[in-house]
Amino acid sequence: MANHKSALKRAKQNEERKLRNKAVRTRVRSAVKEVRSASPETAAEALLAAQSTIDRAAKKGVLHRKNASRKISRLHKLVNSKSE
């Protein structure tokens with residue numbers, strides 16, 4: 001465990017960030033699952049919600065911007081194939 005005051009503060013900050021990032025990552029995974037399990041009629045709406053969630057996660061730094069872009073691209077591809 002940390003001994004210095006600054007190291008204790010850093011450990012506390014890391015724990016808070018870890019919990020916040022975990023919540024954001026869980027939200028992203030749930031949104032992706034909703035798109036994958038959605039019927040062709042509701043997939044487009046679910047995709048918009050998922051895209052917003054993924055973009056927000058990338059903006060906060062939880063996901064890398066290219067990782068977020070790839071996720072969104074693959075979801076678009078999936079929704080387009082469902083609608084055909």
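Predicted model: local features only at pLDDT ≥ 70, side-chain atom pairs only at ≥ 80, totals over all residues.
Let's start with the fold: followed along the sequence, the chain has the pattern α-α-α.

Now step back and look at the overall outline. The C-alpha trace spans about 60 × 20 × 15 Å along its principal axes. The radius of gyration is 17 Å, whereas a compact globule of 84 residues would have one near 12 Å. Among contacts between residues at least 6 apart in sequence, 56% join residues at least 24 apart.

Of the chain's 84 residues, 23% count as buried. In soluble globular proteins, nonpolar side chains tend to be buried together. Here the largest nonpolar core has 18 residues, and the members that touch the most others are Val 28, Val 35, Ile 54, Ala 57, Leu 63 and Leu 75. At least two residues of this core come from each of helix 1 (5–37), helix 2 (43–60) and helix 3 (65–83). Helix 2 gives the largest share, with 6 residues.

Setting aside its neighbours within four places in sequence, Ala 57 is in contact with Val 24, Val 28, Val 62 and Leu 63. Two of these partners, Val 28 and Leu 63, are also named above among the core members that touch the most others.

The accessible surface of the chain is about 6500 Å², and carbon and sulfur atoms account for 50% of it. As for charge, the chain carries 23 positive and 7 negative side chains, and the centres of these two sets are 13 Å apart.

Definitions and conventions
Residues numbered from 1 in each chain as written. Heavy atoms only, no water. Core = buried A, V, L, I, M, F, W, Y, C linked by side-chain atoms within 4.5 Å. Buried < 20%, exposed > 50% of the residue type's maximum accessible area, 1.4 Å probe, protein only. Helix = DSSP H or I, 4+ residues; strand = E, 2+ residues; numbered from the N terminus. Contact = heavy atoms within 4.5 Å. Rg over C-alpha atoms; globule rule 2.2 N^0.38 Å. Areas by Shrake-Rupley, 256 points an atom, 1.4 Å probe, with all protein chains shown as cover. Lys, Arg positive; Asp, Glu negative; His and termini not counted. Charge placed at Lys NZ, Arg CZ, Asp CG, Glu CD.
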